[in-house]
Amino acid sequence: MTDQAAGIPRRESSLLRFVRGAALIRESWVGMIGFAIVLFWVLVAVFAPLLAPFPPNQTGLPLSPPGAAGMTGGVYWLGTDQLGRDTLSRIIYGSRQVLLYAPLATLCAYLVGIPMGLAAGYRRGLTDDILSFISNVILSFPVLVLYIIIIATIGASGTNIVIAVTFASAPGIMRIVRGLVLDLRNREYVFAAETRGESPWRIMLVEILPNARGPLIVDACLRLGYVVITIGTLGFLGLGLPPPDPDWGGMVSELRQFAIVDPLLAVFPCIAISSLVLGFNLLADGLREVSLRD
Amino acid sequence: MLIFMVRRFGTMILTMLVVSILVFLLLEINVEGVAIKVLGPYTSVEQRNLWLERNGYFDPAILRYLRWLGNFVIGDFGNSVRFKVPVSDVLWPRLANTGILGAVALFFASLIGLTLGVIAGMREGGGHDRGVSVSAILTTSVPEFASATFLASFFVFYLQWLPGTSGMIDGFDPVQLVLPVMVLVIYDWGYIARMTRASMAEVMTTHYIRTAVLKGLPYGQVIRRHALRNALIAPFTVIMLQINWLLSGVIVVEVAFAYKGFGALLYEASLNQDIYLIEACAMVAVFVAVMTQTLADIGYTYLNPRIRFS
Amino acid sequence: MGRVEHDYDGPILECRDLCISYFTRAGEIPAVIDFNMSLNQGGSIGLVGESGCGKSTVAMAIMRYLGNNGAIVGGQVLFKGRDMAALSAEELRQLRGNEIAMVYQEPMASLNPSMTLGRQLMEVPLCHENIGEKAAYERAVQILRDVNLADPERVMAAYPHQVSGGQQQRVVIAMALLSNPSLLLLDEPTTALDVTVEAGIIELIGQISEKFNTSMVYISHNLGLILETCNRVNVMYSGVVVESGTVEEVFDQMRHPYTKGLFGCIPLPGADKTARPLVPIRGQLPLPHQRPPGCYFGPRCDFFQGGLCDQPDLHMTQVPNQPGHDVRCRRWQEIDWSTYHPEGVGAGEMKAGDVVLSLKNMRKYYEVTDNSIAAMIRGKRVRHVKANESISLEARSCQTVAIVGESGCGKSTFAKVLMGLETATDGEVVFNGKDISQEQVQKRSADQVGAMQMVFQNPFDTLNPSHTVGSQLARVIRKFGVESNADRIEHRVMELLDLVKLPREFARRRPRQLSGGQKQRVGIARAFAGNPSTVVADEPVSALDVSVQAAVTGLLMDIQKTYRTTMIFISHDLSLVRYLADRVVVMYLGRIVEQGTTDEVFAPPYHPYTEALLSAVPIADTSVQRTRIILEGNLPSVTDPPSGCVFNTRCPRKIGEICETEVPPVVEPSPGHHIACHLPMAELRQMKPVIVMADSPPAPAAE
């Protein structure tokens, strides 16, 4: 006997629900612009080999101005750096690094921060005191100071950047989650679950966390933007990914030194990184608008 | 209130202790590593052991930690490997420079951020609000090194109004401060404005503002006496905490503009593995950060009558 | 402050064909339609209705404070004959707080937390009159005396959170009265207050209107309060006034079916759950953008006639020989109430069975560490909050035991101990033969947990918004081990939805798509999912509209009869308790002060607290006489209870020092009826009833 015949309505596929939820972003034009920018860079990263006019590490005419012709055909649309490498191609390939490590690092930070925040906010007492103290200790280091010390100690590499970002961001995430949990744990449905004798982790993960997803998603977007800035800054300071792989921050640092020759050269990777962060920030703002209306 | 302050300071000291243990463990526990960093990699094992012996590095770790901590408290940070002078000789002047830079930047960022935040929050969703919000999003999307590059290429190379570096070689020159301050203010005002706006917007929707309006008070009085008094409590804390952020933010700015400040010092020290300098910088930075956090906490409690008198 | 004398002759306030709408992204939503009202000097008019009827919107429109998305789209508001739309912003500002003043629902939220009360009070005369600071201060102190606040200087220097809720509301009233307003708007001023505190405020409002001749517009959802404070009333439904007239006309000679229906939903003293049960109004309030054509009440009305009642342009018609009594109905003249006997949702006879739950001397103390310097010096840092003290009671199957009390009485702690969220400090809690006082809920077996379940207070929060209704019910079924097979669980979910009379397709819906009453029904279904023998209902209908309350209450009683469940009904609503409960337990500051059958508790002899509580409850029946007993002072703090009898600081019948030094003994005027009081039995038996129905026989002579 089918469900309908028994008077039981059909269950809606959860994928369909997710897509419908995500499509809500259409309601905010700010969010749509942000989404478009991010999508643009994702496509650039995915199709990098097809889009870049030159291999990113191939040397050529050093410090050519934007629009100059290459040695063996092709145009250096955005000029070249001191080793003659095409800036445009390096920007295109550089997006891959950023869009690989930034989401990865953010995800790891959330995987660490969320359970900590849940435990601190729900269980309170000693757990909360210890976790909050630890996170305060880590957060009392000015962020970049912390990064410099960590990277200087364990060395610079992609994995180490992920580790450093996770370490430095998890306490902040823990604080946000803890704040949300402190608010949500007083809701009656949580009280109802407690009267049923549900286990604490079940309550945290099934009853509380889904209702915190709005602010957390917005925070995730903002944090993605911030991690992109961090990766760029570390690259600028020479603590990012080792050469010769293109790294937007490192490119800016190198090209700045030749600003006497052409100040415009260093501007292009700055525009690239700023636009990506702008995309994430606008997306976050749009999501916040939409979640408030819900 | 007094008990609260004592407890907060107690927590602060505890935090500093834990941080000091972490720093010690990270940097000084490996005595071999310390010797290499101080004496250079081209020394022999005997030379290193001799030096380690003479400087008490073979004593038990606890003793070394306590001695190290004691030295820190009295201000003896050891000698800088790179500069070949006591660390304090280099550290304090640089810290003062950063203090000047930070204070000026914080002043302008707070001024702009608070003013625009209040205006935006007064009428949520209005024209001012959208304008301020969009501007804030734009400016916080540009990393400091990027805005430094933009400003430099515009003001230094195109307009040729300002110098490209801020080394202050010929004594203090306020013109050289302009670009570094601009970079810091551009990034920071947006955050302060957003927090202020959120606080103001929330206050404007409260029932007591409705009561004030329906009492027939002039609008200016409602804003000044009722709204601001409550709305500015949170931004105050935010501004205090910006000092912590500034210690981070100045690093990039000082490196970009060659400003002889504390951030650049830490950066160079880490590049050169100048161990005692790194330790000193880290401890000082954390101390300033924790101190401002504690003061912010105490200030927030003091300003909020609900907590102060409960 | 003296009597308000006016320079104007006609009505103080007139609303003519007022229409107010809200403008959202979804378009224009009418909130108030065709509203007419005329208030004479010194008169008081009540606006009564359920949520969404537009009563608060009218008040905001009179003040012209509708926010960014509300606007008056038709009609006029005339204050002292002047059209308020024609006023400039400056003139309007001068009227506000000065000639028209307002008192709000939540006093704590309406006061600036960062400003002393004195300063907030002084702002009014400083702004509207040309006086100096010292004179303003004197005026403020004087007005605080006028509203019966003890120690006005201390209140002047205090911040809002340092005074109690009742005191805060008196300050708000004082603030409104400072400038001698001609018109006072009161928007649910006592909803957030305890019943005994409410009585004091109502008395104050009565005094004000008499002493100062202030005209009042009183907004409430509580018909009993309207009866006490107003001389005219407008009954509103979904944005329109359906009946208007003097209080006697509307309460005793009502004409509109909605008015009749409202009174049928309220548990008045004459109602009886078996013989004369409550009659809920079927259907639901229409959503503001989905109003039916013609009469908005049509779909829920027993007298609805298609073709007549759904024609547009429905106006008020006057009742002949009763000028001022108007009804918005096309068929009211054909209706004869004496032949109208709607079916109530009754309980039928329920005979109580064996004892299911029994508590003996249960104590629950919380430990509080006091970190102030004073406590450290004294050496006493750990204090005990005696949340529950010496609780002894019994509950049988198929019986409803009501726990009654105001805030701080310990009822929520009591519920937590029962449910296992807290363990008792001492004493016994025997449930189904087993002592569960020391067993936390995680340690209890699934059967035990399922056997005692709870229905919660706030329907809007009681369901998890992120999960479907069906999945939440299924979870409970699985948890209590009722079923384990997926199909059988699904089947049981459907059964539960049928039990609470909700359509089966709700199983796929999320809570935000349900109304408050529907959510509460799901809450009830959830409580009964595990076949409980006992259900603890913690204010289950307090947050619902009156018309929905009756339906949900009826549902609870119905299920209780079918399953012979024991119900522990926690409430502050004495009228509902009198209607529903078989036994009543009255609590004050953690102790039981009186318990017995409903008839015993609601009739003398009373504990003095019960006496005051009963006198404070507003009753919407013109034939009922009540003695006024106002309690002085505030509710003492639970952390620092008075010694001896906890009620001695406020007791109007205090006999002397013994009340302060000794814990009162428990006396039994009749078997099973316990009163904890020092008063001698003779004096207890001489108490007169607090509530007298006009047609009831006089109280029997004291024995």
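How many residues does the contact take from chain B and from chain A? The contact takes 32 residues from chain B and 34 residues from chain A, two residues being in contact if their C-beta atoms, placed from the backbone, lie within 7 Å. The model is predicted, so local features need pLDDT of at least 70 and side-chain atom pairs pLDDT 80 or more, while totals for chains, interfaces and linings use all residues. Residues are numbered from 1 along each chain as its sequence is written, and chains are lettered from A in the order in which they are written.

**The side of chain B that touches chain A**

Select α7(B), which gives the largest share of this side, seven residues. Helices (H or I, at least four residues) and strands (E, at least two) are DSSP runs, numbered from the N terminus.

**Strand β7 of chain C**

Next, select residues 183–187 of chain C, which form strand β7. Five of its five residues are buried, that is, 20 or more other C-beta atoms lie within 10 Å of their own. Leu183(C), Leu185(C) and Asp187(C) point one way, and Leu184(C) and Leu186(C) the other. In a regular strand the side chains alternate between the two faces of the sheet.

**The neighbouring strands**

Met216(C) in β8(C) is the bridge partner of Leu184(C).

Key. A residue is buried if 20 or more other C-beta atoms lie within 10 Å of its own, exposed if 12 or fewer, and partly exposed in between; C-beta atoms are placed from the backbone. Two strands pair if DSSP finds at least two bridges between them.
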